Amino acid sequence: RTQSKSFQPQMSAPETSEGDERKAPPEEKSSTRVCAETTLDAVAVVGRGMLATGSAILTVVQYTAYPIKEGVICVMDTTGEYFTPYLKKKAATNVPTFRYG
């Protein structure tokens, strides 16, 4: 038995009309551009921090305010029922009921 070799296509380098061209090293950034990018990065970090802090404060206020609001409403309802007992909601009596079985 002979073992067959697996077929592996070979990639040829793209041909250029002018031969080997070497890439020039990238240009260095100016100090003004570096300063501007660094400043914008710092502003972005501060902005994201402020946004996260504002969102957290809003969540705390919402979770804190709801129980307080419910307590105030309960006190208002209880006070209203105490001073105006004739407006108190209560179930009606002598109402016919329906039964099965």
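1. Phe-83 is exposed, its relative accessible area being 61%, and Tyr-82 is likewise classed as exposed at 64% relative accessibility (buried means under 20% relative accessible area, exposed over 50%, and partly exposed in between, with a 1.4 Å probe and protein chains only). The model is a predicted one, in which local features need pLDDT of at least 70 and side-chain atom pairs count only at pLDDT 80 or more, while totals for chains, interfaces and linings use all residues. Residues are numbered from 1 along each chain as its sequence is written, and side-chain values use heavy atoms, with hydrogens and water left out.

2. The count of aromatic pairs is one, and this pair is formed by Tyr-82 and Phe-83 in an edge-to-face arrangement, with 5.2 Å centre to centre and 85° between the planes (rings of Phe, Tyr and Trp, the last by its six-membered ring, pair if their centres lie within 6.5 Å; planes under 30 degrees apart are stacked, over 60 edge-to-face, and the rest tilted).

3. Three salt bridges are present, each being a side-chain nitrogen of Lys or Arg within 4 Å of a carboxyl oxygen of Asp or Glu. One of them joins Glu-70 and Lys-69 at 3.6 Å, N to O; Glu-70 is partly exposed at 34%, and Lys-69 is partly exposed at 43%.

4. Glu-37, partly exposed at 30% relative accessibility, meets Lys-29 at 3.5 Å, N to O, and forms a salt bridge with Arg-33 in which the closest N and O atoms are 3.0 Å apart. Arg-33 is itself partly exposed, with a relative accessible area of 47%.
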